[in-house]
Every structure is written in structure tokens, then in C-alpha cells.
Amino acid sequence: MTEEIYRPGLEGVVAGETAICTLAGGLQYRGYAVEELAEQTAFEEVAHLLLHGELPDPGQLERFQARLAAVGPLPPGMVAALRAMPPATPMMDALRTGASMLAHWDPDIPDSSHDANVRKAERLLAQLPMVVAARHRLASGNEPLPPDPKRGLAANLLWMLTGRPPAPRAAKAMDVSLILYAEHEFNASTFTARVVASTLSDLHSAVTAAIGALKGPLHGGANERVMKVLGEVGGERNAESWVRQALAEKRRIMGFGHRVYKTGDPRAVYLKTLCGELARESGHEELERAAEVIETVVRQEKNLPPNLDWPSARLYHYLALPVELYTPLFVVSRVTGWSAHIIEQLDDNRLIRPRSKYTGPPRRALRPLDQR
Ligand code: ACO
């Protein structure tokens, strides 16, 4: 047996190798700084980088977009299932079920080769926004809209949700948020996906499990809770006293802190500027000022910087998106990172099976049932 190392929450433990992403020296996807990707590329280019290993040239991008467009609308059976869900079904639960159900219509399902998994990942990339939009529209009494093959993924998502052509500024803001959410090495949901893949299960199962992991409020679910915080605070004037009281009561302020980034999350730094611009354009300066006070006090009192969920929740609010869509939007983006990791895991697989440190009773004598 090899040497046993134990760290609660696997903090600081290197649990595998990856060529997809590093947080060392700034966040990079396959060697590209995430800020440069956000500034100079579209989400589809980043998705191509993650799934295929390189940024596309113009021809590759055109073919990639054509493959996404060729996926077409959701199978009618999927729409019927989304329609049949109880009205109160949370959006993340509907999406988790949706990801699992999509496997039933996937033509590559029995094939877990590298190429088949890339095809499956591309299909999920096109389909998960449709699931989110369809369920959102059905839950609000509207019929789902088919994707528009002429729009990019971010613009298409906004179009399928609202039925209105999005302003270029809104589509760009959505695109940037999708780029920033796309990948983040061995976070809880990605690690979940790799564990499932390592058993030689299938890509849809691994993605479905990852959605379950992302849903939790300590992970992706935090972006929805951020709006609850801002709602409770109620404005700039109350912000300082609200945070001080919350911290005194040892409450966690959603959108702050990170297991790896202890001095700052570069994604949050990048998105804050865009968030401020959108706040001005959409008349939400008061909320930005309240957020600034909260940020200052949390830093002063706990030395905790905001994470990506802090500005992204506000960004989605300024885009007039309902809160229950925030974590599903994270999924729509992160499916690229998860899929890249599942494929990387399978390209050089070893079952992920750590050990545990036993804390139960020592060995004891078993008494037969009639003597207990
Ligand atoms: N608000 C208040 N205090 C906090 C917060 C927070 N958001 N985060 C950490 N702390 C405090 C802890 O209470 C603890 O304080 P103590 O030493 O006085 O007891 C200290 O900071 C260290 O906290 P840990 O829980 O050990 O830090 P960990 O690395 O496990 O936490 C986590 C990381 C789970 C993200 C945490 O910061 C948190 O709960 N944040 C809120 C949820 C959130 O925003 N999640 C999004 C993560 S990023 C993403 O998914 C894009």
C-alpha cells in the first residue's frame, strides 16, 4: 500500500494531471490567458480550444459552428418531458434531468471513443442552452423556440429565452461570461465528472453528475444566492451594517472566498469592469455602489476577495435575466470544460479511487440478532 496522505476537502492535494487549464501565473485555458480570450475571442472559439486542443482558424470555426447549427432543435420527446415536469421543478433539476435524457437520442451513445465523445460534447454544447430556454419558456407559459442557425451561441441563448433579438452589447456580455465560466481545472464538478468517467461510464453520465455537483451553493449555486444577498441588503445605505452583522453571525457571504484564490479571482476582477459599464447603461448604479461597499467590508473584515459569481450574478441581473437561470448559464458554459476533462481522463485513464481515514469503532464482536 502507498503512503497515506489526508487533507480535509483534499485542500492543496494534486489529484491528477491536466493540459487543459492552470491557475498558476494567472488563469489560462490551454496556455491562453483567460482575459485575452475574453477580450479577443468568441465563446465558440474557446469551446473549440477546450474540446479540440487549439483555437480554430477561420475555416475550422466555420465548420465547428456549422456542426453546432446542424444539431437542430430538441427532439420532440425531450420537449414533452420538459413540459411534463411539475411547474415548481427547479431549473437546475430540470437541466440535470435534461442532460441525462439527451443521451437517449444521441446517435453515438454506445461509443466512448475519443472522437465519439467529442461529437457528444459538441451536441451537448448546442443542446443544453435549448433545454434551459425551452424549460424557461414552458414554465412561464410560452412555447419553446428553435435555435436560429445564424446566431452565435450567446446571442442564440438570449433569443431562445426571450424571443427577442438581443442587443449586440447584451450578446457580448453573455459571451464574455460564458468564456469566464468555461473551465477551471479540478473544481468540485469537474473532479466529479472525471471520477465518473474514470469508471468507464459514459460522457452523459459524467456531465449529469457534474451538474449535480455544480448545483450546490458552495460551488455554482452561489451565483443565484448572490442576488439574494443583494436583495436582503436593499441598497448602499444598509450595506455596511448588513455585512458586519452577517459576519458577526458567522454567515457566509455568497460570492466571496475561494478554495484556491486567496488574494483574488482574476475572472471577478475582469468581469467587474464590464459589470459596472452595464450597470450604468441599464440604470443600476445604486446596486453597483452597494456591491462595492459589501466588497470593501468583506475584504477589511475577513480578507476575502470576491469570486466570479459576485460580478456575474449582477451582470445577469443587468441583462434582465431571472435568477433561476444563473446557475444553468454556468452549466451551458462549463459543459465545455467538463467534456474536455472527461475526454482527457479517458485518453489516459486510471480509475480514481482514493482511500479514506477510518474514524469508526474498533473491531468488535458481533452478537446474533436475538442477543442484541
Ligand atoms: N463569507 C464569510 N466567510 C467566509 C466565506 C464567505 N463567503 N468564505 C470563507 N469564509 C471564511 C470561513 O468562515 C473561514 O473563517 P474562519 O477561519 O474564521 O472560520 C475562512 O474564511 C476559511 O474558510 P474555508 O471554508 O476553510 O475556505 P474554503 O477554502 O473551504 O472555502 C468556499 C471556499 C467554499 C468557496 C468558501 O469561500 C465559500 O463558502 N464561499 C461562498 C460560496 C461561494 O461564493 N462559492 C463560489 C465558489 S467559486 C465558483 O464556483 C465560481
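**Exercise 1.** How many nonpolar, polar and charged residues are there in the lining of the largest pocket?

*Solution.* Keep in mind that you're working with a predicted model. Start with the space itself: the largest pocket has a volume of about 1,600 Å³. Next, look at who sits around it: 45 residues line this pocket, and Ala 188, Leu 218, His 258, Arg 259 and Val 260 are the closest to its centre. Now sort the lining by class, and you get 21 nonpolar, 13 polar and 11 charged residues.

**Exercise 2.** Find which domains each give at least three residues to the lining of the largest pocket.

*Solution.* Two domains do this: domain 1 (32–213 + 327–347) and domain 2 (222–318).

**Exercise 3.** Describe the second largest pocket.

*Solution.* First, the volume: this pocket holds about 1,100 Å³ of space. Then the lining: it's made of 27 residues, with Val 14, Ala 15, Ile 352, Arg 353 and Pro 354 closest to the centre. H9 and H16 are the elements that give two or more residues to that lining. Last, the classes: 12 nonpolar, 4 polar and 11 charged.

**Exercise 4.** Work out how helix H12 is oriented against helix H14.

*Solution.* Two packed helices are described by the angle between their axes and the distance between the axes. Here, H12 (residues 236–248) and H14 (residues 285–302) pack at about 30°, and their axes are 8 Å apart. Angles under 35 degrees count as roughly parallel, so H12 is roughly parallel to H14.

Note on methods. Residues are numbered from 1 along each chain as its sequence is written. This is a predicted model: local features need pLDDT of at least 70, side-chain atom pairs count only at pLDDT 80 or more; totals for chains, interfaces and linings use all residues. Side-chain values use heavy atoms; hydrogens and water are left out. On a 1 Å grid over the protein atoms alone, a cavity is a set of points where a 1.4 Å probe fits but cannot get out, and a pocket is an open set with protein on both sides within 12 Å along at least five of seven lines; lining residues have an atom within 4 Å of a point. Grid points are joined across faces, edges and corners, and a volume is the space filled by probe spheres set on the points. Ala, Val, Leu, Ile, Met, Phe, Trp, Tyr, Cys and Pro count as nonpolar, Asp, Glu, Lys and Arg as charged, and the others, Gly among them, as polar. Domain bounds come from an automatic or database domain assignment. Helices (H or I, at least four residues) and strands (E, at least two) are DSSP runs, numbered from the N terminus. Axes are lines fitted to C-alpha atoms, for helices over the stretch in contact, and angles run from 0 to 180 degrees between N-to-C directions. Angles under 35 degrees count as roughly parallel, over 145 as roughly antiparallel, 65 to 115 as roughly perpendicular and the rest as oblique.
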